[in-house]
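The sequence and the structure follow.

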Amino acid sequence: MKDMLLIKQGNIHDAVQRNAYIGDILVENGKIVKMEPVLQGKTINDAQVLDASGLQIYPGFVEAHCHLGLNGYAIGFEGADYNEMTDSLTPQLSAIDALNPQDESIHLAMEGGVTCVAAGPGSSNVLGGTFAVYKTVGKRIDDMIIKEKAGMKCAFGENPKRCYKDKEIYSRMSTASKLRIMLEKTKEYLLKKETAGEDIWKRPTYDPKLEALIPVIKGELPLKAHVHQANDIYTAIRIAKEFQIGLVLDHCTDGSLIAEDLAKEGYPVSVGPTLTHATKFELKNKSFKTPGDLARAGCQVSIITDSPVIPQQFLALCAGLAVNAGMDEFDALKAITINAAKHIGVEKRVGSLEIGKDADFVIADGSPMVSNTKIKYVLIDGKITYRSE
């Protein structure tokens, strides 16, 4: 039996076309199947109807980088699982093994219109493990995941230096060296495995860290680099080119200083968390002008909260503050929808309102980037998950 929903006559902001337009959207079994000015006929007679007249319809918002569900919102530090502090090199760790759907912050994120997030390890380690992409509704993370491994977290700059200063890292040079060594070891490990073929006696001894990095070396999984300062951004790019591997750049606090260069390089960039104090030296150039500067230069920009640094439900507000600082409003919308989805490799499912994509919607009485706008409905996979009273 078909599960059908007809969303009628809302003002559609699809994150593809610059200008909004009024129309109907037909959802079937959790997917968008039709989008037309007016839908009529027998095929939709049995559909549940949601009248969106006078309301604004947006794609569900997407966060390209956060730690939502790993922080232990309700129970404090003992619930925090986003940094493994016993070892600076932990690529074998996977976010899915710590994500907690019962964390209240996930529900609050959904009510704020954030329907899909990439969450994973923090930035203490040179290599932290893999990020997972999931929808913000459900009781079991296995049923919420849409991409189990979206990127291999690595970190540059102050965090690894501070966290491992008394153990093994004192300078930025050490961080870069440790990452290079792991990537070189993985290349050698992979070559030995491939050369051995089916002969188990010739295979190298199993190494979970190197196994986890094989998809990176093979170009199947990008490095997800924590970078704030310009020199750290360039180091991440240098290493990615050396090993001919994928790369996405998260935070990019100094992005405005090198915007033209970053546009030429072509790597996806995320900016944030900006709604906080500059608590470290490498954050001294923090500004809501940065996303707009990067977008105007031609970069693929997403805006992030880095939740819990900024509560996840304020993602759209951060985009609005970027608009106030000069960012084009359509670029800001893309920064929390389709660009974010591209950043984490799920753009075929989420991030824009197009036929064939997941039926994730935010329906509001105005722009969610404005603080006094009220979200009326949130839908995930065609189901109403939030309705304002």
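In this predicted model, buried residues account for 56% of the 389 residues in the chain. The chain exposes about 17200 Å², and carbon and sulfur atoms supply 50% of that area. A compact globule of 389 residues would have a radius of gyration near 21 Å, and because the chain has 21 Å, the two agree. Along its principal axes, the C-alpha trace spans about 65 × 50 × 45 Å. The secondary structure comprises eleven helices and 16 strands, and of the contacts between residues at least 6 apart in sequence, 68% join residues at least 24 apart.

Within this chain, Glu 158 belongs to helix α3, which covers residues 158-163. What is the nearest side chain of opposite charge to the buried Glu 158, and how far away is it? That side chain is Arg 162, at 5.1 Å, and Glu 158 has no salt bridge; the cut-off for such a bridge is 4 Å between a side-chain nitrogen of Lys or Arg and a carboxyl oxygen of Asp or Glu.

The side chain of Glu 158 does, however, reach backbone nitrogens of Phe 281 and Glu 282, at the distances listed here.

| Backbone nitrogen | Distance from the side chain of Glu 158 |
|---|---|
| Phe 281 | 3.2 Å, to a polar atom |
| Glu 282 | 2.7 Å |

Key:
Residues numbered from 1 in each chain as written. Predicted model: local features only at pLDDT ≥ 70, side-chain atom pairs only at ≥ 80, totals over all residues. Heavy atoms only, no water. Helix = DSSP H or I, 4+ residues; strand = E, 2+ residues; numbered from the N terminus. Buried < 20%, exposed > 50% of the residue type's maximum accessible area, 1.4 Å probe, protein only. Lys, Arg positive; Asp, Glu negative; His and termini not counted. Polar contact = N/O pair within 3.5 Å; in protein donor to acceptor, adjacent residues only side chain to side chain. Rg over C-alpha atoms; globule rule 2.2 N^0.38 Å. Contact = heavy atoms within 4.5 Å. Areas by Shrake-Rupley, 256 points an atom, 1.4 Å probe, with all protein chains shown as cover.
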